[in-house]
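Subject: A structure for you to look at

Hello,

Here is the structure I promised to pass on. Please open it next to this message, and my notes will follow below.

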Amino acid sequence: MYNDKKIIVIIPARGGSKGIPRKNIRLLANKPLIAYSIETSLKSKYVDKVVVTTDDDEIKFIAEKFGASTIKRSGKLALDDIPLDPVIYDAVKTEEKSCKTIFDFVITVQPTSPLLKTETIDETIEKLSDNSNDTIISVVDDRHLNWGFDDKEKNIILFMRKE
């Protein structure tokens, strides 16, 4: 909680992935990728609840193992062409009904952001609360790296783009 505002982090993690199959639970330094986003969010001094919304039982199991609450997402909200907004909206409304509370701030953290720092989440919450912003998005302009999956070699590969 920050300035009497209840804060929830939603981590959307589908089981299906076209680029890198099962990427959310692939190991990175002996830990599932999604674990980094969960742990970073849980360390925030302001976040009241961390919830993973998923259609996948294995992701659900891993998320709970690392301390997140989970919501089993419907199959229709896990399709390739579904934008993020309805997924986050569904998760927030489901969690609010479940815990009988209304969250003032919703933070979306991607499960593929293992380098996100807790301080970034906390500073974002402070800016969101202290200013007239109603939305904040963090981005990195990195046009040099692109990752993919080589089906033939069954390996993750790095593509270097030339400018």
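Which residues lie nearest the centre of the largest pocket? They are V109, Q110, T112, S113 and L116, out of 41 residues that line the largest pocket.

Before the rest, a word on the basis. This is a predicted model, in which local features need pLDDT of at least 70 and side-chain atom pairs count only at pLDDT 80 or more, while totals for chains, interfaces and linings use all residues. Residues are numbered from 1 along each chain as its sequence is written, and side-chain values use heavy atoms, with hydrogens and water left out.

The pockets

The largest pocket holds about 1,800 Å³ of space. The elements giving two or more residues to its lining are β2 (27–28), α3, β6, α4 and β7 (145–150). Helix α4 supplies the largest share of that lining, with seven residues. By class, the lining of the largest pocket has 24 nonpolar, nine polar and eight charged residues.

The second largest pocket has a volume of about 270 Å³. It is lined by 19 residues, and P12, R14, R73, L84 and Q110 are the closest to its centre. Its lining divides into nine nonpolar, five polar and five charged residues.

Some terms used here: a pocket is found on a 1 Å grid over the protein atoms alone, as an open set of points where a 1.4 Å probe fits, with protein on both sides within 12 Å along at least five of seven lines; lining residues have an atom within 4 Å of a point. Grid points are joined across faces, edges and corners, and a volume is the space filled by probe spheres set on the points. Ala, Val, Leu, Ile, Met, Phe, Trp, Tyr, Cys and Pro count as nonpolar, Asp, Glu, Lys and Arg as charged, and the others, Gly among them, as polar. Helices (H or I, at least four residues) and strands (E, at least two) are DSSP runs, numbered from the N terminus.

Helix α3 covers residues 84–99, which makes 16 residues. From its first C-alpha to its last, α3 reaches 23 Å, close to the 22 Å expected at 1.5 Å a residue (1.5 Å times one less than the number of residues). Its buried residues (under 20% relative accessible area, with exposed over 50%, partly exposed in between, and a 1.4 Å probe on protein chains only) are V87, I88, A91, V92, E95 and E96. Seen down the axis of α3, these fall within an arc of 155 degrees, so they line one face of the helix (the arc is that of the directions from the helix axis to the C-beta atoms). The face turned away from that buried side carries the exposed Y89 and K97. The cover over the buried residues of α3 includes β1 (7–12), β4 (49–54), β5 (69–72) and β6 (105–108). After α3 comes K100, whose phi is positive, near 50 degrees.

Helix α4 has 13 residues, 118–130, and reaches 18 Å from its first C-alpha to its last, close to the 18 Å expected at 1.5 Å a residue. In α4, the buried residues are T118, I121, D122, I125, L128 and S129. Down the axis of α4 they fall within an arc of 125 degrees, so they too line one face of their helix. Among the elements covering them are β1, α1 (33–42) and β6.

A few single residues

S37 sits in helix α1 and counts as buried at 1% relative accessibility. Not counting residues up to four places away in sequence, S37 touches I11, V109, Q110, P111, T112 and S113 (contact means heavy atoms within 4.5 Å).

N3 lies in the segment before β1 and is partly exposed, with a relative accessible area of 47%. Leaving aside neighbours within four places in sequence, N3 is in contact with S129 and D130. D4 is also found in the segment before β1, and D4 is exposed at 68% relative accessible area.

Most residues other than glycine have a negative phi. N3, not a glycine, has a positive phi of about 50 degrees, and D4, not a glycine either, has a positive phi of about 60 degrees.
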